Amino acid sequence: MAMKYAYHPGNVAHSNALEVADTMPFAAESLGIELIPLDAATSCGAGILRQANEELQITLNARTLAIAESMGLDIITSCATTAGTLHEDLNNLRNDKQLLSKVNDILQRHCGLTLKCEINVHHLLHVIVDEIGLEKLADAVKNPFGFKIAGYYGPNIQQDGACGGDDIFDPDYLEQVISVLGGEPVQWSSKTQSVGVPGLFSEDKTVMKQTASVLSDAKSEGAQLVVSACNLSHMLLDVYQGKAGKVSGKKTKVPVIHLTEFLAFAFGHYIDRCAQLRTRVLVIGD
Amino acid sequence: MFNNRNPVDSLVQPVGLWVIPMSAVTKVWIDEGCITCDACENIVPEVFQVEDETCVIVDGVNPSEWGDDIIEAAEGCPVDVIMYEVAGADEEPAEESPAEVIEEAVAVAEEVSTASAGAGVLAELMSGDRDVHIFFGSQSGNAESLSAKWAKKASDYGLVGHVHDMDGFDIATMSGMKRVLIACSTWGEGDMPDNAEALYAAAKGAGKILSNTHFSVCALGDSSYEFFCESGKEWDQVMEEMGASRIHERVDCDVDYDAPSEAWMSIAMSKIACVDDSGTFQEDLLEAMISHASGDSSAAVAGDVASVAEPEIQVTATIFRYDSMTGETGADAWACSLPGHYSVLQLLRTLKSTQDGSLTFRDGANNDPTTGVCVNGRLVLPGMVRLSDIARDKGNGAQIRIEPLAAFDVIRDLAVDLSSYDKLRMSTKPWFVGGEREGSYASGVVMGTMDPVVATELHSSTNFESHYILHASSDAVPHNQSYIGPALVNHLWNRSCDPRISDKSRTAIIESLSDVNGVKAETDMASIRRQGTMGLAVSKSILQAKKAALAHDGYNGRHGKHVWWYTWSIKSSGKVNETTLYRTVLGPMGLASNALSGVSARMIFGFTRTGRPMINELLALVAPPAGIGKMPKQFNSKVENHHEVVSIFNEMDGRF
């Protein structure tokens, strides 16, 4: 029987990370996950909205949470930023009854919703390891990878209570998944470091150095491919890697894909894209 | 167009009155022994001036104006040479602030707790005679200084240290001593130091007079001589001949004696502290004593020794190495078998004393804030974490990876240069500038009042184990050396919330926070928030500071526009519109920069990397490159029931 989750696509899957929108449904299908779309969900705020109005962000996220709760489902997302932000706001509401009461009053009047805080938020990675299990994951693999692969978590899901059964500071769930999918996981110290997404537009020089630091660390440890568990960080690690290299003077060019692409390719979906990726890694290289 | 916006949050307003300075220092002076490290001058240059040989007090300074800063400098002085007097120190403490009272109450409670803890397990051992007698035979002074150091440390073990010069000591007196430690150097070709010759000669003919004495010997010498540590060996033998019981094996120290003598002392002193009033060695209390000496009272509180002492664990310690002379970096790994309750600091000390004397790290008390390192990704004080708590076994045995704090330049191995933080701190002018306030009379003196909740909050929000660790918790700090960092942002924000400061000072602080190197330089608070309770509290402070800084700037500039238009785009469709952000925040120059740096090209040619179709939407045919590759959408479809989002916005924030 399929596991049902309400699916939050994150902040950029609808826009410049369409490959995530393409591959998530296929990855989920092979994993036995039924995704119920949350068409009314808003952006999680990504750490930006709260800088304008924290209660507004919490209320909008409470609306998203309440919608999923009314469907009787937990939320799943493939974006570490969204998972971390929703988890943080849910936690704030659970621990502050006054705030919850105020937010519910607004939700009731504008949306007819009430959040009971009985819902949970999960990142796809934690559902795979904690709920589905690595044995079932192995059963679904059709095109194992044979590369040295660096798994990037970012800091948002590596928070207390937000990373399932994984270690906050020294996680290895991605490495376990990479191994099962046939890759050779790279041990590197920058896997939970921030690339500075919230500062991309305002502190671009620092952000480029942060991005370069992560990419060059992965490369120096021999990674041929980086797999990101965060949609937003993925965008920076991929699109901005050339600029990051120029700003920092470091070697940054390495193929970066999202976890959902990695899973979908290994499960035998989009074999043309998978072949193209292999060509990039093995023939084109940097 | 942004200047007329209202600030999101008004600054915290004063909630009470305060007229008495927290620390009324009346006199300050410098004792002998200053090492001219500049630490005090960095903290309060108005008071301290470091010259070639020593630090001096600036002429004409009124210490009462700088009370808190002087005390902070004195507490931070590595050699404890800053002395000061506080008004009314011998009188009733009627003028303490609520925060101080709370702090002292906690300290007293902790002392009581520790005392009662000791009473639970070690109480009987701690009663009666607790003297430890430390004898030195010294030619150049090394053994003497070590003896003095150990005598000071004795109190950590519930002992009273007595240092004895061997010269002129009557050997018969030693017979009444239950606990004896000996530090003796070797002079020339195996000769006894001058001050030890007579006592040694007397000891050789004394007979078995030490049947109720436990002892251990620390021998100092130079391995380039044939008779290495000979005098210490002779004392070790003669003590045994006199009938004393060797409680811990002798250590023979070479010219670099600090680490081995320290390692010997910590165990020898622990053991000798377990000799009770009757002269019996209570071996079963050794682990409790080690915990007691390290400041860990948790086991004793529980009254269960077994809960502290843990069995040995096999652990592979991988430690970052950097040689500043050659510029080489790398890592060394050691397979160790150590008690699980050992701290990471004890692991480092053990490795240094037994494996590699060149291993460099900042040593100090367990809670020394300058000793911070990164262990398995955690930022910790190594004296405060146990191996069993932090080692991780991922199928190939327990592993511990120790690295220096990333925010600082590495001097050697794990030792980092902390001066960058001190310089940043100085640049923020962190001192307290009080405002004029009214007072009220209570019991004949002028008293200030403060809401106890505010006082506690002010006190606790900057009361962290290590500000250096907090500074290193930001992933932006290593890449922007001008950024003052989360510890200083937190400090400044806390100060701006202090109801006692002047309005002028509060305005200056907000301007400082709004500076390019202030809170706006933080790129991602998530990296700070994940650092436990401390990180969570500080990330909340930083968020408040950031909101205040953005409001101060009227949401102008890239930082303000980013936040503003991000929020606006969510109201417009429920989703983020990156095109709006690129256009409004970056502007033409930013877009040109992206075009020239290859960002735009990588977006347009994104389809070559993802394998997706080149064209995403029809707009690509009308206004390319929109809709091609990974170029973001120009227009978002609205989320379902978008009117609810608009309605919530309208109620909660009419600015958008």
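Domain bounds here come from an automatic or database domain assignment. In this predicted model, that assignment divides chain A into domain 1, covering 3-123, and domain 2, covering 135-284. A distance of 24 Å separates the C-alpha centres of domain 1 and domain 2 of chain A. The two domains also touch: 27 residues of domain 1 of chain A make contact with 26 residues of domain 2 of chain A. On the domain 1 side of this contact, helix 1 (18-31) and helix 4 (80-95) of chain A are the elements that give two or more residues. Helix 1 of chain A gives the most, with 8 residues. Sorted by class, the side of domain 1 that touches domain 2 in chain A holds 13 nonpolar and 13 polar residues, along with 1 charged residue.

Chain A contains 13 helices and 8 strands. Its radius of gyration is 19 Å, close to the 19 Å that the globule rule gives for 286 residues, so chain A is as compact as a globular protein of that length. Along the principal axes, the C-alpha trace of chain A spans about 60 × 45 × 30 Å. Of the 286 residues in chain A, 64% count as buried. Among the contacts in chain A with a separation of 6 or more, 80% are between residues 24 or more positions apart.

Chain A also meets chain B. This contact takes 64 residues from chain A and 62 residues from chain B. On the chain B side, several helices each supply at least two residues, including helix 19 (532-552), helix 21 (578-597) and helix 25 (642-652). Helix 20 of chain B gives the most to this side, with 8 residues. The side of chain B that touches chain A has 23 nonpolar, 17 polar and 22 charged residues.

B:R179 is placed in strand 7 of chain B, which covers residues 179-185. Leaving aside neighbours within four places in sequence, B:R179 is in contact with B:D131, B:V132, B:H133, B:H214, B:I272 and B:V275. B:M325 stands 146 residues from B:R179 along the chain, and the C-alpha atoms of B:R179 and B:M325 are separated by 45 Å.

Notes. Residues numbered from 1 in each chain as written. Chains lettered and ligands numbered in written order. Predicted model: local features only at pLDDT ≥ 70, side-chain atom pairs only at ≥ 80, totals over all residues. Contact = placed C-beta atoms within 7 Å. Helix = DSSP H or I, 4+ residues; strand = E, 2+ residues; numbered from the N terminus. Nonpolar A, V, L, I, M, F, W, Y, C, P; charged D, E, K, R; others polar. Rg over C-alpha atoms; globule rule 2.2 N^0.38 Å. Buried ≥ 20, exposed ≤ 12 C-beta atoms within 10 Å, placed from the backbone.
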